[in-house]
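The notes follow in the order of my checks.

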Amino acid sequence: MSDFDPAALDCLAALADEQGFERAAQRLSITQSAVSQRLRTLEAQVGQPLVVRSRPLRLTEAGKVLLRFARQLQALRVDVARELGERVAPQSRLAIAVNADSLATWVLPALDALVQQGLREGYGLEIVVDDQDFTHDSLRQGAVLGCVSTVAEALQGCRVQPLGVMRYVAVASPGFLAAQLPEGLHAGNFADTPFLVFNRKDDSQVQWVAQAFGVRAPRLRERFVPSSEAYVSAAVMGWGVGVAPEIQVRPLVASGRLVVLKPDIGVDVALYWHQWQLQGRGALLDQIGQALAEGARRALA
């Protein structure tokens, strides 16, 4: 692996991020032909294609393997530059994946000090958002160097630490309850009640109803709102019943704008931090993991 040209690996990472040759060239401040040439050189070394030239561009399985190596090499370069007191290359970015609800609640405060430090030292922190059950795929495929996930088992070459439990509760606005559920939510009317759903990967509503009413795989009327902040706003506006993080809706419940349905029922989601194991004193990826662990301890159960 030491024979791989770092500039070619940077091209592969840029192609994965930008999903096209033109934008990758712009990001690296080189020509598209230079990007193509570096990619061809890398493909010649491994003896197989690394990308599928489609729209958007996709990496092959071999490409994903090399992408993981490219990400780790970029992170090591950032660590070396910081340890030597040198300015980090301006295009240096460390990507991590987190779920939208964590991003909307506790992740930004946890990472603020490191982001401010990055502004001074020149590196950037990129946050990729996905469902907590799927962020682990981004780590496996090399798209990110670390992730917040519900998966407890570490990948080979990675380490994992528990962060805590995010509890989800069912909420609705007083107006919605008065108009749509005057007798409350119960086993006889949940199927006709609109439930807010983040996206098609989100099953917290199904889990909550299954617990509340002892129904296996319930079918619900779904209203999709694909933003954590907008999801809670939709619940306040009376669009339906939402199943949201308790730490996110707590102030709205305290102010009377939302009501918790069946407070004894909740969906508990255990979260874990995964990261590739990189060598080096004071590695930035380790600092990110420590910051997230401390932030989670303050915010989560």
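I counted as a salt bridge a side-chain nitrogen of Lys or Arg within 4 Å of a carboxyl oxygen of Asp or Glu. The model is predicted.

**Salt bridges.** I searched the whole structure and found 12 salt bridges. Asp17, Glu18, Arg23, Arg27 and Arg71 are linked in a network of them. Asp17 is partly exposed, at a relative accessible area of 24%.

I then looked up Arg167 and Asp268, which form a salt bridge at 2.7 Å, N to O. Arg167 belongs to strand 6 and Asp268 to strand 11, 101 residues apart. Arg167 is partly exposed at 30%, and Asp268 is partly exposed at 47%.

The salt bridge of Arg140 and Asp137 has an N to O distance of 2.7 Å. Both residues lie in helix 6, three residues apart, about one turn of the helix.

**Strand 3.** I noted that five of the six residues in strand 3 (residues 93-98) are buried. Strand 3 pairs with strand 4 in the parallel sense over six bridges, and Val98 stands opposite Val129. From strand 3 the chain passes through helix 5 to strand 4 in a right-handed β-α-β crossover. Strand 3 also pairs with strand 5, in the parallel sense over two bridges; there, Ile96 has Gly146 as its bridge partner.

**Annotation.** UniProt, in an unreviewed entry, lists residues 4-60 as "domain: HTH lysR-type". I find this span to be 63% helix and 7% strand, with its end C-alpha atoms 18 Å apart.

Methods: Residues are numbered from 1 along each chain as its sequence is written. This is a predicted model: local features need pLDDT of at least 70, side-chain atom pairs count only at pLDDT 80 or more; totals for chains, interfaces and linings use all residues. Side-chain values use heavy atoms; hydrogens and water are left out. Buried means under 20% relative accessible area, exposed over 50%, partly exposed in between (1.4 Å probe, protein chains only). Helices (H or I, at least four residues) and strands (E, at least two) are DSSP runs, numbered from the N terminus. Two strands pair if DSSP finds at least two bridges between them. A crossover is right-handed if, with the strands pointing away from the viewer, the path from the first strand over the helix to the second runs clockwise. UniProt positions are given in the numbering used here, feature names are shortened, and annotations may be inferred rather than shown by experiment.
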